[in-house]
Amino acid sequence: MTTYAPPTVGTVQQLTPFGQEVQRWERKRSRAVRGGHVCCGAGCSAGCEPVLIRERTGWGWIDWTVPADGSLPEHPHRLAVFTPIATRPQRLALRWLARRPAHRIRLGTVTIRPATTVVTALTLVAAALALMYSVPLSIVLPAAALAPLLVEHLPDRFDTRAGEHARIVEDEAACRYLQRLAALHTGLLQAAASSDRYEVRRAVRIGHHQLFDTADLLQRHDTRSASSELIARERLMLQLAVQTRQIVPPMQGGAAAARHDRSGEQPPWGPYPPAPHRPSRPSPGHTTPIPPTKEETNMPQDGQPADEVYLLFAHEAYYPAAAQKREINTSLVAAASLLHPRVRQPDGTRIYERLTRGRRPGEIVPLATLTHELDGGRLWPEVGDWEAVTADLLQLIQEEECDALSLGLPHIARALVCSGPHSEVEVYDPAAGRHRAYGPAERIEVLAEVGKQLAWAEAGCALWPGDGLLAPANPETAT
């Protein structure tokens, strides 16, 4: 059965300061404005340091800037994720690391901690009293010099040691990506607060592991070079959120959904499902799984589908009756559907081997990416007739001989999917009277959105690739 792109209403909440506790934010903001500099954008110098408000969480902390217009910040300035397997001494060190950022006093070209000035003044008074009571100068001077130095530099040493058990992300693009995962994890924590189910507690542990591993990845790579792995992790987190909502429904989900609908945000791609989600055909006794942790990925899991790679391809638009007359112009299928006997062979088998070679589990691979890897399409004749294969796949989808996620992508998103991973799509904006270029960063966002829709579609069972599949010609390349 073809699965149409489902709505994401109510699943992912926007991560805002202090969980939308406006009064708490205003108290913090008033204190921050009195004690620090609030950046006002273009009017600030390049080296100005904005005042930050730190929000502590159970998994780390979030540093928010203070907008000069008094509004809530949309994106965090910095996120930190603690290791999920910390010992008690490490947890104490991480509490120290999560303390409120200290304001610094500028003295000419250097800055010092306010505590350093206080300790320096107290040390001078103590040194004068010590000399009055005939304490040797050889003791007073080293002590008077050492005390301010310790106060100034020792916290930095402690921070460095404690920072070994945390991953701190400051890059703007990385912070925005981690913000989405943190919003999903916040939903898991809220569900765990109202339920003692083992599945929910395990989902929280898995979510914390995913946050930490993603922050570690973002520290070492940018979002573009690690895009495929980031998309897979976001899909896993969204699947956790969907499955947790099935176990613990939100108390006021209806009101939240109504507010979301009135907010004017862009609707999801593709029509809503015409009927409740279908049961899994390959596994009648299949139950809703909670995805495994990083340590459990190599262990066999009874009743769970194998990790899969997915093929995303655009095609001529059609309007199925079940889709309520909305256009379907792009489809996503499990890679194993290429092994279906009704797909042109051996072309489908060769494309399957090329598609799954060296991929990460759960990776979404557009057909255009394969074209890019095949020397811009020059090597397609050596692999297979992709046009005939995708036409056969579309026929299977329409006759419900395999499962698929059918999407109605907007024109720009579809153009990006049909372009290579390093290509740009230039669009003329008549309202602004200028051209705008969409590139790899926007393409990654499109694939991330498709990954969210796929997580919804696969909540409870994976996409069914069809029956009677052929064996891969080279099984070692299968994922």
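Of the contacts (heavy atoms within 4.5 Å) in the chain between residues at least 6 apart in sequence, 72% join residues at least 24 apart. The structure is a predicted model, in which local features need pLDDT of at least 70 and side-chain atom pairs count only at pLDDT 80 or more, while totals for chains, interfaces and linings use all residues. Residues are numbered from 1 along each chain as its sequence is written, and side-chain values use heavy atoms, with hydrogens and water left out.

The chain holds 14 helices and 13 strands; these are DSSP runs numbered from the N terminus, with helices being H or I of at least four residues and strands E of at least two. Its accessible surface amounts to about 25,400 Å², and carbon and sulfur atoms account for 54% of that, by the Shrake-Rupley method with a 1.4 Å probe. Of the 479 residues, 44% count as buried, that is, under 20% relative accessible area, with exposed meaning over 50% and partly exposed in between (1.4 Å probe, protein chains only).

Two packed helices are described by the angle between their axes and the distance between the axes. Helix 7 (residues 227–247) and helix 14 (residues 440–457) have axes that come within 8 Å and cross at roughly 30°. Axes here are lines fitted to C-alpha atoms, for helices over the stretch in contact, and angles run from 0 to 180 degrees between N-to-C directions. Helix 7 and helix 14 are therefore roughly parallel, a class that takes angles under 35 degrees. On the helix 7 side, the residues in contact include Ile-231, Leu-238 and Val-242, and on the helix 14 side they include Leu-447, Gly-451 and Trp-456. By class, this contact has 9 nonpolar, 3 polar and 3 charged residues, where Ala, Val, Leu, Ile, Met, Phe, Trp, Tyr, Cys and Pro count as nonpolar, Asp, Glu, Lys and Arg as charged, and the others, Gly among them, as polar.

Two individual residues are set out below.

Leaving aside neighbours within four places in sequence, His-185 is in contact with Trp-59, Val-204, Gly-207, His-208, Leu-211 and Met-237. With residues up to four places away in sequence not counted, Arg-414 touches Ala-314, His-315, Glu-316, Asn-329, Thr-330 and Leu-409. The C-alpha atoms of Arg-414 and Ala-314 are separated by 7.3 Å, although these residues lie 100 residues apart along the chain.

Key. Angles under 35 degrees count as roughly parallel, over 145 as roughly antiparallel, 65 to 115 as roughly perpendicular and the rest as oblique.
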